[in-house]
Amino acid sequence: MLATRALSLVGKRAISTSVCVRGGHGVAKVEDYTLPGYFDSPEQKSLKEKERGSWAALSNDEKIALYRISFKQSFAEMNQTTSEWKSVIGGMFFLIGFTGLVVLWQRKYVYGPVPHTFEAEYKEKELQRMLDMQINPVEGFSAKWDYENKQWKK
Amino acid sequence: SAEKTTRKCSIARGQREDHNKFGLQTLLASRCYSHGMQETDEEFDARWVTYFNKQDIDAWELRKGMNTLIGYDLVPEPKILEAALRACRRLNDLASAIRILEAVKDKAGPHKEIYPYLIQELKPTLDELGISTPEELGIDKV
């Protein structure tokens with residue numbers, strides 16, 4: 001029976017490591033796709049023997065044990081979500097906050113003063129110049145200035 | 001085989017009439033594609049049942065068949081799964097039998113009504129071979 005031959009082969013660890021015996025172009029180790037085909041303990045060996053008989057005779061725990069020999073994780077375990085996203089978002093906020101601190105420090109200690117054109121007095125002169133030039137007198141800037149009363153229109 | 005261009009759910013097939021990609025109703029199983037004759041659902045199913053029914057199927061062929069089948073955009077028909085489960089029995093591989101059940105449940109995705117239907121159809125086989133479902137073993141939850 002093929003299974004017994006396979007089992008005895010497994011016991012002697014005689015499996016070739018590439019599939020060139022079978023297919024001719026040796027792509028990958030077959031064992032990479034499932035857990036190793038050898039058994040760790042005598043209990044597992046005897047369980048595997050019992051598996052060759054009627055499966056109805058196996059208890060639920062034995063069935064689970066057989067499953068675990070072949071598969072590390074069940075589908076439920078494999079598909080379960082993690083809380084990794086919380087770490088990611090938290091880390092993002094932390095680094096953004098740290099960047100904010102760096103920016104504040106830079107403003108204080110790295111950048112020189114702003115140009116004199118930002119001073120209040122200069123800005124007033126700028127505004128007056130724009131009004132004198134009647135910038136956008138129809139619908140925009142100067143249209144909103146009341147030239148008689150020298151104030152912004154209400 | 002050529003990749004299916006229309007989504008196939010073989011189970012739903014029996015419950016409604018079909019429209020091929022041109023919107024023509026087909027009561028026949030065959031379809032009209034512009035690019036050669038495609039395999040019918042029955043042929044597809046029959047081919048896979050034959051694959052798993054091979055008496056001296058080996059473990060690699062079982063794994064290869066299942067992995068290929070799971071790669072398709074469909075949930076396999078119960079008769080294909082029954083043949084696969086019987087192949088597991090011939091190979092004395094209970095773990096793979098349980099894994100097959102988990103895999104088809106996963107394949108159904110959001111369509112939660114498919115898996116109970118499959119289990120219902122497979123119940124005689126599961127009882128005969130003594131295969132427990134993942135739910136019975138409690139491994140469907142973490």
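**Close-up views of a two-chain predicted model**

View 1. A:Glu51 pairs with A:Lys48 in a salt bridge, with 3.2 Å between the closest N and O atoms. A salt bridge here is a side-chain nitrogen of Lys or Arg within 4 Å of a carboxyl oxygen of Asp or Glu. Side chains of opposite charge can pair when their charged atoms come close. Both A:Glu51 and A:Lys48 sit in helix α2 (residues 42-51) of chain A, 3 residues apart, about one turn of the helix. Helices are DSSP runs (H or I, at least four residues), numbered from the N terminus. Over all chains, the whole structure holds 16 salt bridges.

The model is predicted: local features need pLDDT of at least 70, side-chain atom pairs count only at pLDDT 80 or more, and totals for chains, interfaces and linings use all residues. Residues are numbered from 1 along each chain as its sequence is written, chains are lettered from A and ligands numbered from 1 in the order in which they are written, and side-chain values use heavy atoms, leaving out hydrogens and water.

**View 2. The interface of chain B and chain A.** About 2,400 Å² is buried between chain B and chain A, 61% of it on carbon and sulfur atoms. Buried area is the accessible area (1.4 Å probe) that two parts lose on being put together, summed over both. In chain B, the most area is lost to chain A by B:Asn92, B:Leu94 and B:Arg99, together 25% of what that side buries. Chain B gives 30 residues to the contact and chain A gives 28 residues. Contact means heavy atoms within 4.5 Å.

**View 3. Helices α5 and α6 of chain B.** The axes of α5(B) (residues 94-108) and α6(B) (residues 114-129) come within 9 Å and cross at roughly 155°. Axes are lines fitted to C-alpha atoms, for helices over the stretch in contact; angles run from 0 to 180 degrees between N-to-C directions. α5(B) and α6(B) are therefore roughly antiparallel, a term for angles over 145 degrees. From α5(B), B:Leu101, B:Val104, B:Lys105 and B:Ala108 make the contact; the α6(B) side includes B:Ile114, B:Tyr115 and B:Leu118. By class, this contact has 9 nonpolar, no polar and 1 charged residues.

**View 4. Helices α4 and α5 of chain B.** α4(B) (residues 78-90) and α5(B) have axes that come within 9 Å and cross at roughly 155°. This pair is therefore roughly antiparallel. B:Leu81, B:Ala84, B:Leu85 and B:Cys88 of α4(B) meet B:Ser96, B:Ala97, B:Ile100 and B:Val104 of α5(B).

**View 5. Helices α2 and α3 of chain B.** α2(B) (residues 41-53) and α3(B) (residues 59-71) pack at about 160°, their axes 10 Å apart. That makes α2(B) roughly antiparallel to α3(B). B:Phe44, B:Trp48, B:Tyr51 and B:Phe52 form the α2(B) side of the contact; B:Glu61, B:Leu62 and B:Lys64 are among the α3(B) residues.

How values were computed
Helix = DSSP H or I, 4+ residues; strand = E, 2+ residues; numbered from the N terminus. Parallel < 35°, antiparallel > 145°, perpendicular 65-115°, else oblique. Nonpolar A, V, L, I, M, F, W, Y, C, P; charged D, E, K, R; others polar.
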